[in-house]
Amino acid sequence: MIMGLGTVHVVGAGLAGLAAAVELAAAGRRVQVYEASHHAGGRCRSYLDAELGCRIDNGNHLLLAGNHHALGYLQRIGALDTLEGPPDAVFPFIDGETGRRWNLRPNRGAVPWWIASAKRRVPGTRAADYLTILALRRADLSATVVEMLNQRGRVFRFLWGPLAVAALNTSADRASARLYWRTLEETLGRGGAACRPLVPRDGLSETFVDPALAYLRAQGAEICFSARLRALHFASDYVTEFVFDSGPVGLGRDDSVILAVPAAMAARLVPALTVPDAYSPIVNAHFRCAVPADSPYFIGMIGGAAEWIFRKREGLSVTISAADRFVDQPLGELRDLLWRDAALAYQLPAHPVPPARVVKERRATFLASPVQLLRRPAATTRWKNLLLAGDYVDTGLPAAIEGAIASGFLVARLVNEVAAAPARSDRHWPIWRKSKTVNERQCALP
């Protein structure tokens with residue numbers, strides 16, 4: 001432990017909170033983690049489904065080799081070897097209407113010569129079709145994806161549109177063009193080496209959660225489950241007290257607070273905090289069935305109800321992002337509809353439908369629209385010992401694993417920078433200054 005410094009209290013053990021706690025513990029800080037539920041991981045975890053009789057992930061999350069925050073986190077907790085995937089960037093697709101299959105195969109380098117190869121790009125498209133994506137660079141802050149791209153083109157229907165939905169969990173007619181461009185810059189823009197897909201070998205908890213908890217305990221961090229935070233008490237420019245169901249917890253003058261809870265909860269706890277207040281749903285369906293071990297790790301579907309189908313240890317798992325049109329359908333109808341797509345993709349019998357679990361998340365992520373992006377708060381607050389972490393915080397990244405972990409790393413760095421600054425009575429968080437690029441921020445110690 002670094003002596004002479006206060007405790008860092010991390011409220012929330014989702015990926016943002018775990019990432020912050022892990023980085024702080026690695027730096028020798030005294031860390032206390034509080035989680036309202038009886039498990040960690042938030043939306044990124046595995047659990048035993050009694051009806052299916054097997055463990056399932058509560059959602060499907062695809063990592064890319066260029067997600068340096070997520071991979072740095074896994075390296076820190078010793079879990080990099082729990083990922084698996086193809087040796088190169090290969091994305092298999094199927095047209096749900098015609099049954100035609102193809103692979104999108106970006107080349108490893110940043111110069112995208114793959115668009116000149118008919119074997120690597122979407123069938124029926126030309127190399128010139130892909131250059132239209134450059135229009136996103138000129139996008140106004142208020143522009144949506146469809147306002148900048150021709151949605152009637154084949155490359156939009158079979159690539160740019162589906163990728164926007166998958167990356168932002170927002171339909172292309174509502175999604176921010178600027179955020180989508182930033183996402184493409186960090187993935188396809190860096191070449192196939194950054195796009196190689198990676199998936200957990202066993203499950204989300206085995207990759208992201210269990211190793212983190214073990215690491216934190218080994219570093220002496222305290223982790224409290226079933227600790228629901230009801231209120232924060234403030235005095236002047238400091239948080240002075242937590243109020244949990246079990247009672248109040250006072251904070252010392254040198255203690256720090258990282259609030260890594262969902263946006264709506266943060267808004268209830270922190271006065272006058274503006275957060276995104278519109279959400280986008282996700283529907284997942286988990287099927288227990290036998291799948292050949294040499295099948296693709298995942299398949300993208302165009303023109304079906306399903307969008308991405310993932311091969312799991314004990315079956316198939318289907319995801320529909322931006323699922324507004326499906327979220328109110330009866331579970332039985334969704335099960336049958338999504339199994340038809342999954343069976344087609346993996347060439348399995350359509351009947352009988354195997355045992356299934358359909359999960360609807362109505363508020364899975366914030367809506368990544370231009371208006372909602374303006375509501376993303378900074379990590380810093382006007383209280384000297386309070387920081388915010390979560391996928392809704394303004395990292396310039398979408399509300400996915402990479403963004404959540406990036407926010408946790410950011411607040412951990414801020415806590416450590418303040419601790420390293422010369423002691424003085426008015427010590428406070430680094431000042432945030434907007435850079436010229438939207439949603440990118442830079443900090444400097446005063």
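Predicted model: local features only at pLDDT ≥ 70, side-chain atom pairs only at ≥ 80, totals over all residues.
Rings of Phe, Tyr and Trp (its six-membered ring) are taken to pair if their centres lie within 6.5 Å; planes under 30 degrees apart count as stacked, over 60 as edge-to-face and the rest as tilted. Residues are numbered from 1 along each chain as its sequence is written, and side-chain values use heavy atoms, with hydrogens and water left out.

A pair of aromatic rings is described by the distance of the centres and the angle of the planes. The search of the whole structure gave 13 aromatic pairs. In one of them, the ring centres of W114 and Y130 are 5.5 Å apart and the planes meet at 75 degrees, so the pair is classed as edge-to-face. This pair links distant parts of the chain, as W114 lies in the loop between strand 8 (101-104) and helix 3 (127-130), whereas Y130 belongs to helix 3, 16 residues apart. Helices (H or I, at least four residues) and strands (E, at least two) are DSSP runs, numbered from the N terminus. W114 is buried, with a relative accessible area of 5%, and Y130 is buried as well, at 3%. Here, buried means under 20% relative accessible area, exposed over 50%, and partly exposed in between (1.4 Å probe, protein chains only).

A tilted pair is formed by F234 and W383, with 4.5 Å from centre to centre and 35 degrees between the planes. F234 lies in strand 11 (residues 229-235) and W383 in the loop between helix 11 (370-373) and strand 20 (386-388), so the pair ties together parts that are 149 residues apart in sequence. F234 counts as partly exposed, at 25% relative accessibility, whereas W383 counts as buried, at 3%. Further, F91, F93, W102, F158, F298, W308 and F310 form one aromatic cluster.

Charged side chains also meet aromatic rings. A charge is said to sit over a ring if NZ of Lys or CZ of Arg is within 6 Å of the ring centre and within 35 degrees of the ring normal. The charged end of R311 sits over the ring of Y297, 5.0 Å from its centre, and that of R363 over the ring of Y279, 4.0 Å from its centre.

Seven strands form an open sheet of mixed pairing, in the order 8-7-16-17-18-15-19. Strand 8 and strand 19 stand at the edges with a single partner strand each, so one side of each is left without a neighbour in the sheet. The twist averages 25 degrees from one strand to the next. Two strands are taken to pair if DSSP finds at least two bridges between them. Strand 15 (residues 279-288) is joined to strand 19 (residues 356-366) by eight bridges, and the two run antiparallel; H286 has R357 of strand 19 as its bridge partner. Six bridges join strand 15 to strand 18, again in the antiparallel sense. Eight of the 10 residues of strand 15 are buried, so this strand is largely enclosed by the rest of the structure.

In strand 18 (residues 315-320) lies T319, which is the bridge partner of N284. T319 counts as buried, at 6% relative accessibility. Contact means heavy atoms within 4.5 Å. Leaving aside neighbours within four places in sequence, T319 is in contact with N60, I282, V283, N284, A306, E307, W308 and F310. Helix 5 (residues 154-168) lies across strand 7 (91-95), strand 8, strand 16 (298-302), strand 17 (308-312) and strand 19, and runs at about 115 degrees to strand 16. Axes are lines fitted to C-alpha atoms, for helices over the stretch in contact, and angles run from 0 to 180 degrees between N-to-C directions.

A three-stranded open sheet has the order 11-12-13 with antiparallel pairing. Strand 12 (residues 238-244) and strand 13 pair over four bridges, and V243 has P248 of strand 13 as its bridge partner.

The structure holds zero disulfides, a disulfide being a pair of cysteine sulfur atoms within 2.5 Å. The sulfur of C44 lies 18 Å from the closest cysteine sulfur, in C54, which is too far for a bond. For C289 the closest cysteine sulfur is also in C54, at 9.7 Å, again too far for a bond. C44 counts as buried, at 4% relative accessibility, and so does C289, at 18%.
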